[in-house]
Amino acid sequence: MKDKFTLGSFLKYLVLITGTIVAILPLLVVFIGSFKSNEEFLTTGVLTLPQKLDLSNYKTAFINGQMLLGFKNTLIIFIISMVGKLTLGSMFAYAVNRFNFKFKKIIVILFMIAMLIPSITSQVATFQVIEGLGLFNSIWSVIILNLGTDVISLYIFMQYLDEIPISLDESAYLDGAGYFQIFWKIILPNLKAPIVTMLIISGVGVYNDFYNPFLYMPSAKLKVISTALFAFKGPYGTNWPVILAGVIIVILPILVVFVTLQKYIYNGVAGSVK
């Protein structure tokens, strides 16, 4: 029994270490390469340390790549999209969890079926709707597309709503509070953990989104961080250190947010499993 436990522990740590190396190694290659000159990058190994610490690649990537403009547009899309997405998702979960209404099960089933349909199959219709609304080449086109909730947020919010006693709703209702007041003053403050969890899980998708901004916001003035990075393939197509510096600049904000909020993410996921 002891031998089996030792072998199991060895395999467990071997898998964990292998997974960590596979995840970190590409990031390490990108980080080291971003400090090299183009000639040094092409003539040395990918893990060979640079001869000197040169930040010129970061300066070139940030200024010439219009990263500031990309961050500004990304921040606008991120804030409006996530506020709307989390508000609509939590309200939908509240309505499904707390109320019995006609066609409730059908609505939930249709909602889940819609999430199972590959989004690429509806792109032609989506494009026609966005163009018909006059939102093409507008920042609002991507925001509107991001506002829909998803099965993951619905599931996580509903799991937490099960932990909030209905007696709180009933007490507030007897005191004269309406359903919207109950939601804003009682339910929403108790959903902080799942809100932070979904802020990261869905927020990473919004932050990294390339397809929608590239398709619906082709204007150079509407660059987001992903399309700004994609633009490097032209003038800096052969200058890999500048491209890698741009990659590091893109990674840093979401990495800082994740490290700052990681305890809330773990608590939110653990709470949803309960």
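**Helix packing exercises**

Thr-87, Ser-90, Met-91, Tyr-94 and Arg-98 of helix H4 touch Tyr-179, Phe-180, Ile-182, Phe-183, Trp-184 and Ile-187 of helix H10. Contact here means heavy atoms within 4.5 Å. The model is predicted: local features need pLDDT of at least 70, side-chain atom pairs count only at pLDDT 80 or more, and totals for chains, interfaces and linings use all residues. Residues are numbered from 1 along each chain as its sequence is written, and side-chain values use heavy atoms, with hydrogens and water left out.

**Exercise 1.** Find how the axes of H4 and H10 cross.

*Solution.* 
- Locate the helices: H4 covers residues 67–98, and H10 covers residues 179–187. Helices are DSSP runs (H or I, at least four residues), numbered from the N terminus.
- Take the axes: they come within 12 Å and cross at roughly 115 degrees. Axes are lines fitted to C-alpha atoms over the stretch in contact, and angles run from 0 to 180 degrees between N-to-C directions.
- Classify: H4 and H10 are therefore roughly perpendicular (65 to 115 degrees).
- Sort the contact residues: eight are nonpolar, two polar and one charged. Ala, Val, Leu, Ile, Met, Phe, Trp, Tyr, Cys and Pro count as nonpolar, Asp, Glu, Lys and Arg as charged, and the others, Gly among them, as polar.

**Exercise 2.** Describe how H4 and H7 pack.

*Solution.* 
- Read the geometry: the angle is about 30 degrees, and the axes are 9 Å apart.
- Classify: that makes H4 roughly parallel to H7 (angles under 35 degrees).
- List the partners: H4 gives Asn-73, Ile-76, Ile-77, Ile-80, Ser-81 and Lys-85, while H7 gives Ile-139, Trp-140, Val-142, Ile-143 and Asn-146.
- Sort them: seven are nonpolar, three polar and one charged.

**Exercise 3.** Which residues have the most contacts inside the largest nonpolar core?

*Solution.* 
- Define the core: buried Ala, Val, Leu, Ile, Met, Phe, Trp, Tyr and Cys residues joined through side-chain atoms within 4.5 Å. Buried means under 20% relative accessible area (1.4 Å probe, protein chains only).
- Name the residues: this 28-residue core has Ile-77, Leu-161, Ile-182, Ile-187, Leu-191 and Met-217 with the most contacts.

Conventions: Helices (H or I, at least four residues) and strands (E, at least two) are DSSP runs, numbered from the N terminus. Angles under 35 degrees count as roughly parallel, over 145 as roughly antiparallel, 65 to 115 as roughly perpendicular and the rest as oblique. Buried means under 20% relative accessible area, exposed over 50%, partly exposed in between (1.4 Å probe, protein chains only).
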